[in-house]
Amino acid sequence: MKTPKLICPVHTLDFKQLLPGNTELTPEVLDKLIATQKGISYPTLSFLEHGTLFKDLRGFLKMPPYDTIFQGINRAVAMTLMNKIGFTPPLLEFFDYFKKNDGYTYRHSLVVFALSVLLAQDLLGETEDWIIDVMAGTIHDFGKVSVPLKILKKTETITNVDRIILEHHALAGFVLLSYYLQDYEKFAAWVAKEHHERRDGSGYPLGLKLEDNMVEIIAVCDVYDALLSPRPHRPTPYDNRTALEELTGMAQKGKIGWEVVQGLVSYSRKDRPPIQEVNVSTEKRGTPPTDTVYGVVEKKIKCPNCHGTAKEKKILRERCFGSKGRIKRSGVSCVITAVLLMMVNWAGAVCARI
Ligand SMILES: [Fe+2]
């Protein structure tokens with residue numbers, strides 16, 4: 001098993017640095033971090049009773065194709081289950097933060113959560129108690145609180161540095177959830193770390209072969225909803241058919257399993273065939289939107305510390321070198337950035353991902 005290593009520091013929402021960049025996430029390091037939370041206990045609060053979550057989620061699920069997916073019994077099942085799920089305040093703050101600052105991540109997190117609950121019930125056939133247990137605290141993109149909003153909301157081509165910081169959300173989420181849940185083996189922390197891994201080992205951050213069915217459900221729902229959503233870098237969303245074709249292509253390449261794709265295809269059909277009997281068409285008839293710069297990375301590696309504005313330099317320094325980090329000589333900072341990029345390349349994390 002590879003030991004994950006942070007590239008950037010990990011901060012809480014109130015900007016407390018939990019771990020500096022370059023930290024190897026060994027059990028000893030994580031135990032030491034979790035020990036700082038000793039004696040702190042958080043109350044468990046109803047997920048759907050928090051703020052406007054229930055109202056907002058209902059609204060999101062009324063939009064196509066979720067209005068079809070969550071029609072009738074499906075909506076009732078998902079809502080009943082979610083109503084029983086409790087979250088602790090630091091995790092609920094994630095939703096408050098993104099509702100205020102980044103509507104896409106807010107909506108996406110809620111919808112992926114609802115869709116995962118529904119698929120877990122239908123595909124895994126586990127008990128309700130099990131689903132409630134594993135989903136409590138699961139916020140797959142929690143680590144995005146460590147990504148500057150400027151990068152999350154960027155509409156232009158991203159730089160290599162942007163992509164490193166973006167992809168770092170998987171490990172940042174693992175650290176943050178381990179810290180708040182006081183256990184690095186909690187399912188939620190595991191999901192945060194592995195939801196961009198793939199069955200064939202082509203994902204990130206570690207290039208592990210994704211084996212857990214529940215994590216894969218969340219991973220596929222993540223991709224599906226990302227395709228269906230207008231994004232800063234791709235204003236036109238995929239239509240449902242084309243999004244399902246993208247997932248079919250991923251299953252054909254062995255990146256994901258067929259079962260989740262069968263589930264999503266079944267939910268999208270009016271006759272609702274039993275999931276295991278769904279024949280997924282491999283015929284390509286959809287048209288992906290063309291107005292996208294996703295996966296397009298500026299060829300020139302531009303070091304924001306040398307070439308960015310004063311604000312960009314501050315963000316980079318705080319996010320990637322620690323709040324006290326000072327890099328005065330531009331040549332040195334370029335070298336540091338290049339070394340960071342080499343490390344990421346070496347870790348196999350440099351690929352354009354959905
Ligand atoms: Fe993610």
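**Figure 1. The predicted model contains 17 helices and 4 strands.** The protein has 354 residues, and 40% of them count as buried. Among contacts with a separation of 6 or more, 67% join residues 24 or more positions apart.

Figure 2. The average pLDDT is 84, and 81% of the residues score at least 70. Two stretches deserve a careful look. Over residues 299-303, pLDDT stays under 50, and the model has 7 contacts there beyond four places in sequence. Over residues 343-354, pLDDT also stays under 50. For residues 343-354 the model has 16 contacts beyond four places in sequence.

**Figure 3. Helix H2 crosses helix H6 at roughly 80°.** Two packed helices are described by the angle between their axes and the distance between the axes. Here H2 spans residues 53-60 and H6 spans residues 103-124. Their axes come within 10 Å. An angle from 65 to 115 degrees counts as roughly perpendicular, so H2 and H6 are roughly perpendicular to each other. From H2, the contact uses Leu53, Asp56, Leu57 and Phe60. From H6, Arg107, Leu110, Val111 and Ala114 take part. What kinds of residue make up the contact of H2 with H6? There are 6 nonpolar residues, 2 charged residues and no polar ones.

**Figure 4. Helix H4 packs on H6 at about 105°.** H4 covers residues 73-83, and the two axes are 9 Å apart. That angle makes H4 roughly perpendicular to H6. H4 contributes Asn74, Val77, Ala78, Leu81 and Met82 to the contact. H6 contributes Ala114, Val117, Leu118 and Gln121. This contact has 7 nonpolar residues, 2 polar residues and no charged ones. Look for Ala114 of H6 here: Ala114 also belongs to the contact with H2.

**Figure 5. The largest nonpolar core holds 85 residues.** In soluble globular proteins, nonpolar side chains tend to be buried together. Which members of the core touch the most other members? They are Ala114, Val117, Val175, Leu177, Val220, Tyr224 and Leu247. Helix H12, residues 213-228, supplies the largest share of this core, with 12 residues. Now zoom in on tyrosine 224. Leaving aside neighbours within four places in sequence, tyrosine 224 is in contact with Ala243, Leu247 and Leu264.

**Figure 6. Helix H14 is mostly covered.** How many of the 11 residues of H14 are buried? The count is 8. They are Glu259, Val260, Val261, Gln262, Gly263, Leu264, Val265 and Tyr267. The cover over these buried residues includes H3, H6, H12 and helix H13. H13 spans residues 240-252.

Figure 7. Proline 65 sits in the loop between H2 and helix H3. Proline 205 sits in the loop between helix H11 and H12.

**Figure 8. Asparagine 22 and arginine 272 have positive phi angles.** Asparagine 22 is not a glycine, yet its phi is about 75°. Asparagine 22 lies in the loop between strand E2 and H1. Is asparagine 22 buried, exposed or partly exposed? Asparagine 22 has 14 other C-beta atoms within 10 Å, so it is partly exposed. Arginine 272 is not a glycine either, and its phi is about 45°. Its loop runs between helix H14 and helix H15. Arginine 272 has 15 other C-beta atoms within 10 Å, so it too is partly exposed.

**Figure 9. Lysine 84 and leucine 48 are 8.6 Å apart in space, C-alpha to C-alpha.** In sequence, 36 residues separate lysine 84 from leucine 48. Where does lysine 84 lie? Lysine 84 is in the loop between H4 and strand E4. Lysine 84 is partly exposed, because 15 other C-beta atoms lie within 10 Å.

Methods. Residues numbered from 1 in each chain as written. Axes fitted to C-alpha atoms, helices over the stretch in contact; angles between N-to-C directions. Helix = DSSP H or I, 4+ residues; strand = E, 2+ residues; numbered from the N terminus. Parallel < 35°, antiparallel > 145°, perpendicular 65-115°, else oblique. Contact = placed C-beta atoms within 7 Å. Nonpolar A, V, L, I, M, F, W, Y, C, P; charged D, E, K, R; others polar. pLDDT = per-residue confidence, 0-100. Core = buried A, V, L, I, M, F, W, Y, C linked by C-beta atoms within 7 Å. Buried ≥ 20, exposed ≤ 12 C-beta atoms within 10 Å, placed from the backbone.
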